[in-house]
Amino acid sequence: MNKEDIKHLLKLVKNNEIEVDEALEKLEDLPFKDLDFALIDNHRELRVGYPEVIYCQGKTVEQVRDIVKFMLTKNTNILGTRATEEMYMAVKEICPEARYNSIGKTITVELRKEEVTESYIAIVSAGTSDLYVVEEAVETAKLFGNRVEKITDVGVAGIHRLFAKLDIIKGAKVVIVVAGMEGALASVIGGLVDKPVIAVPTSVGYGANFGGVAALLSMLNSCASGVSVVNIDNGFGAAYNASIINKL
């Protein structure tokens, strides 16, 4: 439930369109619902503006399905990250509207159409191998009601490709830069735009990349002042923060 849902419910009670007991029934699962294996935070969207997101990795197929089943009763948009196709098929049995991004490993259910922002988030990747992180970020940002421009495979090994897309990148309100290897793309873009840059290091790269640690350290040590950094492969976290910035 978000603030608008609560306001609408209170107006219905005020106008005698529903009984007080019925309104209380709709609120009885606040602030959380105990499913034995999980405590679903129904109060989160009311508190911070975004509903709880399901991190599927480490959960069983049945647990993911049961969490989604409960969340469906609350008429909220649902996002599951790091989800397997098996999890998606189980969710689709109870919710035919569910959609799976096989590259980003996300499950999305859009029960409530969000108003899309006029300003946009540019999501830029260094290489095609980074697309699994890009797609997670794209699905997150779009479900949260953001216009998104996706620009892929413009890494520093062929930097002329980046310059061909620079006008689109500069027009964004916030830029997410996804890069593995040495992670240099975030610094390059940070030195070219006047917008906040959120850098996402990926685990793409040969041995000395250390599963993304090399890119992470490069981004943290960026000479470009407008660059902030999220965790390795965390496309969701980057898009969440970008959404907050884009809607300020």
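This is a predicted model: local features need pLDDT of at least 70, side-chain atom pairs count only at pLDDT 80 or more; totals for chains, interfaces and linings use all residues.

Trainee: Where is Asp233 found, and what is its phi?
Mentor: Asp233 is found in the loop between β11 (227–229) and α11 (235–246). Asp233 is not a glycine, although its phi is positive. The value is about 65 degrees.

Trainee: Is Phe210 buried or exposed?
Mentor: Phe210 lies in the loop between β10 (197–201) and α10 (213–220). Like Asp233, Phe210 is a non-glycine residue with a positive phi, here of about 50 degrees. The cut-off for exposed is over 50% relative accessible area. Phe210 has 60%, so the residue is exposed.

Trainee: Which residues does Val230 touch, beyond those up to four places away in sequence?
Mentor: Val230 is found in the loop between β11 and α11. Its relative accessibility is 15%, so Val230 counts as buried. Not counting residues up to four places away in sequence, Val230 touches Ile198, Ala199, Val200, Pro201, Leu216, Gly237 and Ala238.

Trainee: How far apart are the C-alpha atoms of Val230 and Val48?
Mentor: Along the chain, Val230 and Val48 are 182 residues apart.

Trainee: Which residues of α4 are buried?
Mentor: Helix α4 covers residues 61–72, and at 1.5 Å a residue its 12 residues should span 16 Å; the end C-alpha atoms are 17 Å apart, which agrees. The cut-off for buried is under 20% relative accessible area. In α4 the buried residues are Val61, Val64, Ile67, Val68, Phe70 and Met71.

Trainee: How far is Ile40 from Ile67, C-alpha to C-alpha?
Mentor: Ile40 has its place in strand β2 (residues 39–41). With a relative accessible area of 5%, Ile40 is buried, and Ile67 is among the buried residues of α4. The two are 27 residues apart along the chain, and their C-alpha atoms are separated by 7.6 Å.

Trainee: What is the C-alpha to C-alpha distance between Met89 and Val61?
Mentor: Met89 is in helix α5 (residues 85–94). Its relative accessible area is 43%, so Met89 is partly exposed, whereas Val61 is one of the buried residues of α4. In sequence Met89 and Val61 are 28 residues apart; in space the distance is 9.3 Å.

Trainee: Which residues are in contact with Thr76, leaving aside its neighbours within four places in sequence?
Mentor: Thr76 is in the loop between α4 and β4. At 6% relative accessibility, Thr76 counts as buried. Leaving aside those neighbours, its contacts are Glu45, Pro51, Met71, Leu111 and Arg112.

Trainee: What is the radius of gyration of the chain?
Mentor: The chain has 11 helices and 11 strands, and its C-alpha atoms fill a box of roughly 65 × 35 × 30 Å along the principal axes. For 248 residues, a compact globule would have a radius of gyration near 18 Å. The value for the chain agrees with that: 20 Å.

Trainee: What share of the contacts with a separation of 6 or more comes from residues 24 or more positions apart?
Mentor: Buried residues make up 48% of the 248 residues. Among contacts with a separation of 6 or more, residues 24 or more positions apart account for 67%.

Trainee: How far apart are the mean positions of the positive and negative charges?
Mentor: The chain has 27 positive and 34 negative charges. Their mean positions are separated by 5 Å.

Key: Residues are numbered from 1 along each chain as its sequence is written. Side-chain values use heavy atoms; hydrogens and water are left out. Helices (H or I, at least four residues) and strands (E, at least two) are DSSP runs, numbered from the N terminus. The radius of gyration is taken over C-alpha atoms; the globule rule is 2.2 Å times the number of residues to the power 0.38. Buried means under 20% relative accessible area, exposed over 50%, partly exposed in between (1.4 Å probe, protein chains only). Contact means heavy atoms within 4.5 Å. Lys and Arg count as positive and Asp and Glu as negative; His and the chain ends are not counted. The place of a charge is taken as NZ of Lys, CZ of Arg, CG of Asp or CD of Glu. The expected span of a helix is 1.5 Å times one less than its number of residues.
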